[in-house]
Amino acid sequence: MSEKLVNLKSSVIAYCTEIGADSLLIQGAGGNVSWKENGILWVKASGTWLAEALEKDIFIPVDLVHMQAALSKGDFTVSPLVSGESNLRPSIETQLHALMPHNVVVHVHSVVVLAHLVCDGWYENFQALLDDTISWTAVDYKKPGAELAEAVYSALEKIRNANVVFLQNHGVVIGGADVEEIRQTLNTIINTLCIPLKKQSKILDKINPIQIDDNSIYSPVSDACIHELAINLEFFSCLDTHWALYPDHVVFLGAAPNTFESIEDFHDYLTTNIEKPELVFIKNIGVFVNDNFNMAKLEQLRCYYDVLSRINELSKVNILNQSQIGELLNWDAEKYRMHVAN
């Protein structure tokens with residue numbers, strides 16, 4: 001491998017670790033990154049964490065020539081051919097990375113960008129705010145994988161010099177010659193689209209666990225900001241109506257929230273329901289989880305709070321419909337990603 005390619009690989013891995021540690025850009029196993037070299041697409045493995053790029057071997061080599069040949073013929077369902085052996089699967093978004101012509105491709109779920117992308121009028125706002133600072137295109141919400149890749153392919157056919165693709169109710173994809181170009185573009189986007197945070201409510205100094213029985217307890221989440229979702233009544237009223245904002249939220253946290261008006265109501269619910277929810281929101285009290293609730297889910301829950309707290313007009317929020325939610329929850333590829341991410 002040439003020194004240039006070695007430097008590219010090391011810079012990409014270092015950048016993955018950097019953005020993977022920034023929960024405003026990447027949440028747990030979310031997001032994906034790739035780079036191209038000598039007919040090989042190195043793409044993040046499904047379910048792995050970018051934050052662990054320096055510690056673990058999270059990238060898989062895929063035959064890029066094979067992928068591009070299929071994509072050029074309109075085959076967006078093409079299965080990646082892995083070069084070598086691996087117990088992991090390439091990212092669900094491998095087709096998207098293969099069709100982007102850039103050396104490096106980075107897909108992040110920036111909360112600043114998401115706060116726009118989940119609301120009515122985001123496209124027109126981007127036209128006004130971004131102006132000509134970057135070359136970009138955009139697509140309506142599509143199921144991740146083949147459907148999204150086909151939509152992005154069509155969008156790039158119309159604007160061939162675009163190095164940024166905004167994905168409605170999903171995130172942003174950035175292509176560049178190297179990491180530094182990606183970094184500059186992402187910084188421009190975030191600085192331009194930045195939205196001030198809403199004022200926080202006063203969180204209780206101590207929130208007690210909820211004892212269910214001798215063997216079962218619900219603990220308050222460790223992240224104090226997340227309790228805003230139950231204590232801020234504007235946020236609490238949004239839980240049932242503005243839940244399914246983007247794919248990872250649904251995949252990791254489910255189709256709908258479990259909200260209760262009081263601890264007593266929660267206890268009453270448990271007496272008539274065998275299955276105990278992992279996550280519950282209790283009005284004016286806080287947010288509670290059982291032992292099954294893992295760090296990957298906590299990252300997504302914090303992301304949800306981070307997005308909501310940046311939306312000025314919650315009445316303009318668009319959510320995924322029941323059909324779109326069902327596609328995500330019944331998809332084997334996402335079930336596999338959940339299993340690896342845990």
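1. Two strands count as paired if DSSP finds at least two bridges between them. The model discussed here is predicted. Strand 6 (residues 164-167) meets that rule with strand 7: four bridges join them, and they run antiparallel. Within this pairing, Val 164 stands opposite Ile 174 of strand 7.

2. The hairpin of strand 6 and strand 7 has three residues between the strands. There, Asn 169 takes a positive phi near 50°.

3. Strand 7 also pairs with strand 4 (residues 104-108), in the antiparallel sense, over five bridges. Val 108 stands opposite Val 172 in strand 7.

4. How many residues of strand 7 (residues 171-176) are buried? Six of the six are, so the strand is largely enclosed by the rest of the structure. Gly 171, Val 173 and Gly 175 point one way; Val 172, Ile 174 and Gly 176 point the other way.

5. Aromatic pairs, with ring centres within 6.5 Å, come to 15. In one of them, the rings of Trp 122 and Tyr 123 have centres 5.8 Å apart and planes at 80°, so the pair is edge-to-face. Trp 122 is buried at 6% relative accessibility, while Tyr 123 is partly exposed at 36%.

6. Tyr 218 and Phe 266 also form an edge-to-face pair, 5.0 Å centre to centre with 90° between the planes. This pair links distant parts of the chain: Tyr 218 lies in strand 9 (residues 216-220) and Phe 266 in helix 11 (residues 263-272), 48 residues apart. Both Tyr 218 and Phe 266 are buried.

7. Ring pairs link Trp 122, Tyr 123, Phe 126, Trp 136 and Phe 166 into a cluster. Elsewhere, the charged end of Lys 9 sits over the ring of Trp 42, 5.6 Å from its centre.

Notes
Residues numbered from 1 in each chain as written. Predicted model: local features only at pLDDT ≥ 70, side-chain atom pairs only at ≥ 80, totals over all residues. Heavy atoms only, no water. Phe/Tyr/Trp six-rings, centres within 6.5 Å; stacked < 30°, edge-to-face > 60°. Buried < 20%, exposed > 50% of the residue type's maximum accessible area, 1.4 Å probe, protein only. Helix = DSSP H or I, 4+ residues; strand = E, 2+ residues; numbered from the N terminus. Lys NZ or Arg CZ within 6 Å of the ring centre and 35° of its normal.
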